[in-house]
Amino acid sequence: MAKKQLPSQPKARFRPVTSDTCKLLAFMFLVLYSIGASLMERNMLHLSHVTSQELAATMLETSGIVVALSFIFRTLAHIIWPIYAFLAVQGFLYTTNLKNYLLRLTALALVSEIPFDLTMSGKWFDLGIQSGLFSILLGLVGLEIAEVLAEKSRSNAPRFAMAVGCTLWAYLLDAQMGVFVVPAIFLFFYLEEHEIFRDLAIIAVCALMVVLTGLDAIFAVIGASLVLLLLHWYNDRLPMISKWFWYIAYPVHLIILAVISMWVMV
């Protein structure tokens with residue numbers, strides 16, 4: 001598949017939101033979520049792997065700043081998943097070497113998994129939940145396989161089958177936000193030139209997940225609506241912050257929180 005080239009100059013239309021803006025916003029909310037999940041939910045409230053619905057019930061039963069902040073941080077986390085899905089597709093479209101791009105993400109996911117498990121559950125290895133990086137990988141690998149199969153068969157059936165199949169795998173593997181990220185990746189890619197239809201389709205998928213998964217999906221719908229509006233002002237000019245900063249920042253913030261969490265538990 002032919003890859004696109006990033007423009008060095010912004011488009012004529014007013015688009016003040018850059019990839020740096022998106023990454024900074026997403027990472028800020030991601031750190032807040034990690035703090036809420038590790039230091040607040042697990043260490044202070046003695047909760048682990050709870051859903052937003054269970055956390056909301058705890059907030060109603062137990063008054064206090066900790067549980068309230070934890071719920072707020074959890075809610076904010078639902079804002080960031082469309083950003084990461086969108087940026088993953090941008091990387092897929094614009095990378096000069098897709099194989100290396102996927103290998104970098106795979107290496108990052110593997111390196112980050114132990115710090116992620118320690119942060120979220122206090123265990124060195126926990127199959128109860130996988131990091132969101134695996135959701136992104138499932139979506140991108142499925143997307144590439146779908147394109148190869150679709151070109152060979154000259155049919156759209158492989159695209160639909162891979163989208164559904166990878167979403168199901170994300171659910172079975174308990175990949176973080178996988179049931180939202182994976183279908184969003186496919187929709188961001190195939191409806192790239194049709195922003196309104198793309199947005200409506202992503203929100204429709206989230207609404208379907210409300211029926212299937214409950215309260216978590218309600219916040220995902222709200223998050224998607226807010227972020228999709230933001231992405232209408234996205235400017236795909238060259239980023240100023242190196243990609244390696246973000247690759248390093250993710251596991252480092254998990255390692256720091258894991259160390260703090262273990263120290264608090266002593």
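Trainee: Is T119 buried or exposed?
Mentor: Buried means under 20% relative accessible area, exposed over 50%, and partly exposed in between (1.4 Å probe, protein chains only). T119 has 0% relative accessibility, so T119 counts as buried. T119 sits in helix α4 (residues 98-121); helices are DSSP runs of H or I with at least four residues, strands are E runs of at least two, and both are numbered from the N terminus. This is a predicted model, where local features need pLDDT of at least 70 and side-chain atom pairs pLDDT 80 or more, while totals for chains, interfaces and linings use all residues. Residues are numbered from 1 along each chain as its sequence is written, and side-chain values use heavy atoms, leaving out hydrogens and water.

Trainee: Which residues touch the most other members of the largest nonpolar core?
Mentor: A nonpolar core is a set of buried Ala, Val, Leu, Ile, Met, Phe, Trp, Tyr and Cys residues joined through side-chain atoms within 4.5 Å. Here the largest has 65 residues, and W81, L140, I185, F188 and I202 touch the most other members. Helix α3 (residues 65-94) gives the most to this core, 13 residues.

Trainee: How many helices and strands does the protein have?
Mentor: There are 10 helices and zero strands. Buried residues account for 49% of the 266 residues.

Trainee: Where is I260, and why is I260 called partly exposed?
Mentor: I260 belongs to helix α10 (residues 243-265). Its relative accessible area is 34%, so I260 is partly exposed.
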